[in-house]
There are 2 protein chains.
Amino acid sequence: MALYIIGIGLSDANDITLKGLETVKKCSRIFLESYTSVMQCPVAELEKVYGKNITLANRTLVESKAEEIIIPAKDSDVAFLVMGDPLVATTHIDLFLRAKKEGVEIKIIHNASIVSAIGATGLQVYKFGKTASIPFSQGNYMPETPYNILQENQKNSAHTLLLLDLKPEENKFMTIADAISYLLKIEERSKKSVFTESTLCIGCARIGSSSQKISVGTAKELLKVDFGAPVHALIVPGKLHFLEEEALKEMAKK
Amino acid sequence: MALYIIGIGLSDANDITLKGLETVKKCSRIFLESYTSVMQCPVAELEKVYGKNITLANRTLVESKAEEIIIPAKDSDVAFLVMGDPLVATTHIDLFLRAKKEGVEIKIIHNASIVSAIGATGLQVYKFGKTASIPFSQGNYMPETPYNILQENQKNSAHTLLLLDLKPEENKFMTIADAISYLLKIEERSKKSVFTESTLCIGCARIGSSSQKISVGTAKELLKVDFGAPVHALIVPGKLHFLEEEALKEMAKK
C-alpha cells in the first residue's frame, strides 16, 4: 500500500519506464496531474498502453481535495502520474508532504524532465542557472521575476531556461512569441539591457517528441517563427563554448 | 538506419522507457557508455531485461575510436546507451557531432537525470544554479572551479549540485566525505567563507534506487556519515523556502 508518484516523461505513452508501467498495472486507482503540463498524445492513448482507466487530477483536486488521492493510498496502491520528472514542481512536493502527514508510504519513480532534455539544444546542461517561469500577464500586472532571474544568470555567464505558462483546461498555452514580448515589455520599463530585440534566443517546442522543433535567432527573429503546437520553452544562452555553438547549429538544423 | 542515443535512467534495468527498450530490441549493436557513471545493477541484468548483448564503451572507445560506434550506424541501427539522460555530458555531445559529420541519422531517447531527480531531496529544482563537478585531486593540483561555481550560486541564493568524480574501470568513486574535504581545503587556501565546517550540506547516494540515502547536516557532521555504495552527490543549498525546509526534513528521514 503506497502512493506512487510516477514520472511519465515528455511526449507520449511509450515514455513511461518499465518500472513505472509495472507499478501502474498493480495500482487500483490512477490519477494524472493535468494542470502543470500536457503530453503530446491523448489520455486515451495513455490508457491503452497502460491498460488502466485514468482520472484527470486538476488543480482543485490536487491542491484543495488532495485527500481524495491520499486517503485511498492508505489501504491500496494509488498512482499519481506526472508529466516529466515527478518532484520538479512545488505542487507535487506539497502533495508529498500532505501524504506523509497522513502516514501514507510514498514512492517516487523518476523520468525525463525538460531541465535535462534541453541538452537536445546542444547547450551544456551543467551551465544552466536558475530556471525561470513566465506567467500569463493579468492586465498590467507582469511580475519581473523571470527578467530578474535572467539578469542574475547573465552575471554568472549561465544559460537561462524559461518555462512558459499554460492552462491546459482552458486550452491556453503561452507561445515563444508571447514570452519574448513579455520580456521586451519589462526591458522597456526597466532599461537594464538584460533582454533586447537583439538578444540571442533559442526557441524549443515539444522537446523529446518526434515533432520537436529548435530554432536559434535574435529575439526579433524568433518573434516571427511559428513553433506550432505546445509545449514551448525559451532559452537565453549565457556565454557559449565553441562546442556548444557547433552543437547548437546542428541541433537547430534538424 | 540510425544511431540511437538512449538514456537508461538512474538505477536498474527497469528504468529504461518502453520507447528505449523497443528501440534497443531492433538494434544490431548495443554499446553501453561505461566511464561517466555506473548503474546500481550488473550489466548482465541489463542484458537479460533488454534481451541483447551489450558491448562496454570506455573513454578510449568513445573519444578516440568513435568510428567503431558511428560507422556501423550507416547501414544498421546502433544503440548507444547512457546512464541518466543522454545529452547531459559533453562527451556525448561530441559523439553526436562526429556522427553528424559522417552523415549518420541520430535519434535521442530521454530519461531521468540526476539534475531533476534531486527533487527527491525536497529542494526546488528550479532554484539550482550551475552544476559543479569535483575531480579527483592529482597531488597538489586541485582546480578551484567547483568552489568558484558554488560562490557564484551563493550570490544568487541558488542551490548547488556538485557531481563527484568516478573511474568505474578502476573501481574508484569519490565519496561525499572526499568532496567535503576537497572544498574545505580550497576554503583554507582562499578564505572566502564559501564553504566551511558549518556550511549546511545535503549528501545524496544512489538517487532513484531503492537504497537511496539522503542526509542533511553541516559539512563537519556529514564527514562522518557512511553513505555506502556509489554514486554519491553533494548539494549545498542556497536560501531555503520554508516548504523546502519541511520537505527536506521529511526526505532525509526516509
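Leaving aside neighbours within four places in sequence, Asp77(A) contacts Met1(A), Ala2(A), Tyr4(A), Lys26(A), Cys27(A), Ser28(A) and Arg29(A). The model is predicted. Asp77(A) sits in the loop that runs between helix 4 (67–70) and strand 4 (78–82) of chain A. Its relative accessible area is 16%, so Asp77(A) is buried.

Lys191(A) lies in the loop between helix 8 (176–190) and strand 10 (200–205) of chain A. Lys191(A) is exposed, at a relative accessible area of 64%. With neighbours within four places in sequence left aside, Lys191(A) is in contact with Tyr147(A) and Ile186(A). A polar atom of the Lys191(A) side chain lies 2.7 Å from the backbone oxygen of Glu188(A).

In chain B, Ser215(B) belongs to strand 11 (residues 213–218). Ser215(B) is buried, with 15% relative accessible area. Residues up to four places away in sequence are not counted here; beyond them, Ser215(B) touches Cys201(B), Ile202(B), Gly203(B), Leu222(B), Val225(B) and Phe227(B).

Salt bridges were then examined. Over all chains, the whole structure holds 20 salt bridges. One of them pairs Glu152(A) with Lys130(A), with the closest N and O atoms 3.7 Å apart. This pair links distant parts of the chain, 22 residues apart. Glu152(A) is in helix 7 (residues 145–155) of chain A, and Lys130(A) is in the loop between helix 6 (114–117) and strand 6 (132–134) of chain A. Glu152(A) counts as partly exposed, at 24% relative accessibility. Lys130(A) is buried, at a relative accessible area of 12%.

Glu144(A) and Arg189(A) form another salt bridge through their side chains, at 3.1 Å from N to O. Glu144(A) lies in the loop between strand 6 and helix 7 of chain A, while Arg189(A) lies in helix 8 of chain A, so the pair ties together parts 45 residues apart in sequence. Glu144(A) is partly exposed, with a relative accessible area of 26%. Arg189(A) also counts as partly exposed, at 46% relative accessibility.

In chain B, a salt bridge joins Glu63(B) to Arg59(B), and the closest N and O atoms are 3.2 Å apart. Both residues lie in helix 3 (residues 59–64) of chain B. They are 4 residues apart, about one turn of the helix. Glu63(B) is partly exposed, with a relative accessible area of 30%. Arg59(B) is partly exposed too, at 43%. Elsewhere, Asp12(A), Asp15(A) and Lys19(B) are joined into one network by salt bridges that share partners.

The contact between the chains was considered next. It takes 54 residues from chain B and 54 residues from chain A. The area buried between the two chains is about 4,700 Å², and carbon and sulfur atoms give 63% of it. In chain B, the residues that lose the most area to chain A are Leu18(B), Tyr126(B) and Asn156(B). Together these account for 15% of what that side buries.

Between chain B and chain A there are 6 salt bridges. Glu246(A) forms a salt bridge with Lys101(B), with 3.1 Å between the closest N and O atoms. On the side of chain B that touches chain A, at least two residues each come from helix 1 (18–26), helix 5 (90–101), helix 6 (114–117), helix 7 (145–155) and helix 10 (242–253) of chain B. Helix 5 of chain B gives the largest share, 7 residues. By class, the residues of this side divide into 24 nonpolar, 17 polar and 13 charged.

Finally, the two copies were compared. Chain B superposes on chain A by a rotation of 180° with 0.0 Å of shift along its axis, at an RMSD of 0.0 Å. The copies are therefore related as by a two-fold rotation axis. The same surface serves both copies, as 100% of the contact residues of chain B recur in chain A.

Terms used:
Residues are numbered from 1 along each chain as its sequence is written. Chains are lettered from A and ligands numbered from 1 in the order in which they are written. This is a predicted model: local features need pLDDT of at least 70, side-chain atom pairs count only at pLDDT 80 or more; totals for chains, interfaces and linings use all residues. Side-chain values use heavy atoms; hydrogens and water are left out. Contact means heavy atoms within 4.5 Å. Buried area is the accessible area (1.4 Å probe) that two parts lose on being put together, summed over both. A salt bridge is a side-chain nitrogen of Lys or Arg within 4 Å of a carboxyl oxygen of Asp or Glu. Ala, Val, Leu, Ile, Met, Phe, Trp, Tyr, Cys and Pro count as nonpolar, Asp, Glu, Lys and Arg as charged, and the others, Gly among them, as polar. Buried means under 20% relative accessible area, exposed over 50%, partly exposed in between (1.4 Å probe, protein chains only). A polar contact is a pair of N or O atoms within 3.5 Å; within protein, one must be able to donate a hydrogen and the other to accept it, and residues adjacent in sequence count only if both atoms are side-chain atoms. Copies are superposed by least squares on the C-alpha atoms of residues with pLDDT of at least 70 in both.
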